[in-house]
Amino acid sequence: MSTGRISRQITIKVENDQPGILAKVTGAIYEMGVNIEAICAYSWEGSAIFMLVTSDNESAKEALSSNGFSAEEEEVVLIEMADEPGNLSGAAKKLADNGVNLQFIYATATGTTSLIVLRADDNSQALTVLS
């Protein structure tokens, strides 16, 4: 059984990727008392890219801005499901069988529950298929 909802994530692109950027981004958010619920971070062509789901995007964006980072928000789908073998595969098959094209997906798990973050060409359809 899974539950889902439409939400928003923060996306940050930092030019000149260098050691310590992750600490600066997460530290700024922490200092505002905001929880990071899921994160995807990677380096691409010399830039650091962060995608974050937080407990309070407005406060997180304020903290990032005051530390020199530019953050944008975009709609995503959040799906919570049991952290068990095969659940993600089953969800992926449902999406494929219903013609839902994904732009990206990332996840975090606690040992009992997984939080899947995804963006599809049609987020409403993805949510309907997986809920």
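The areas come from the Shrake-Rupley method with a 1.4 Å probe, and for residues only the protein chains shown count as cover.

Leucine 88 sits in helix 3 (residues 87-97). With a relative accessible area of 44%, leucine 88 is partly exposed. On this scale, buried means under 20% relative accessible area, exposed means over 50%, and partly exposed is in between (1.4 Å probe, protein chains only).

## How to read the model

Residues are numbered from 1 along each chain as its sequence is written. The model is predicted, so local features need pLDDT of at least 70 and side-chain atom pairs count only at pLDDT 80 or more, while totals for chains, interfaces and linings use all residues; side-chain values use heavy atoms, leaving out hydrogens and water.

## The overall fold

The protein chain has four helices and six strands, and along the sequence they follow the pattern β-α-β-β-α-β-α-β-β-α. The radius of gyration is 16 Å, close to the 14 Å that the globule rule gives for 131 residues, so the protein chain is as compact as a globular protein of that length. That radius is taken over C-alpha atoms, and the rule is 2.2 Å times the number of residues to the power 0.38. Helices (H or I, at least four residues) and strands (E, at least two) are DSSP runs, numbered from the N terminus.

Buried residues make up 37% of the 131 residues. The protein chain exposes about 7,400 Å², with carbon and sulfur atoms supplying 48% of it.

Is strand 6 (residues 113-120) largely enclosed or open? Six of its eight residues are buried, so strand 6 is largely enclosed by the rest of the structure.

Strand 6 has antiparallel partners. Six bridges join it to strand 4 (residues 71-82), where valine 77 has leucine 118 as its bridge partner. Seven bridges link strand 6 to strand 5 (residues 102-109), including the one between tyrosine 106 and valine 117. Two strands pair if DSSP finds at least two bridges between them. Strand 5 and strand 6 also form a hairpin with three residues between them, and glycine 111 in the turn has a positive phi of about 110°.

## Salt bridges

How many salt bridges does a search of the whole structure find? There are six, each a side-chain nitrogen of Lys or Arg within 4 Å of a carboxyl oxygen of Asp or Glu.

Lysine 61 and glutamate 73 form one of them, with the closest N and O atoms 2.9 Å apart. Lysine 61 lies in helix 2 (residues 57-66) and glutamate 73 in strand 4, so the pair ties together parts that are 12 residues apart in sequence. Lysine 61 is partly exposed at 22% relative accessibility, and glutamate 73 is partly exposed at 24%. Another salt bridge joins aspartate 97 to lysine 93; both lie in helix 3, four residues apart, about one turn of the helix. Salt bridges that share partners also join Arg8, Glu58, Lys61 and Glu73 into one network.
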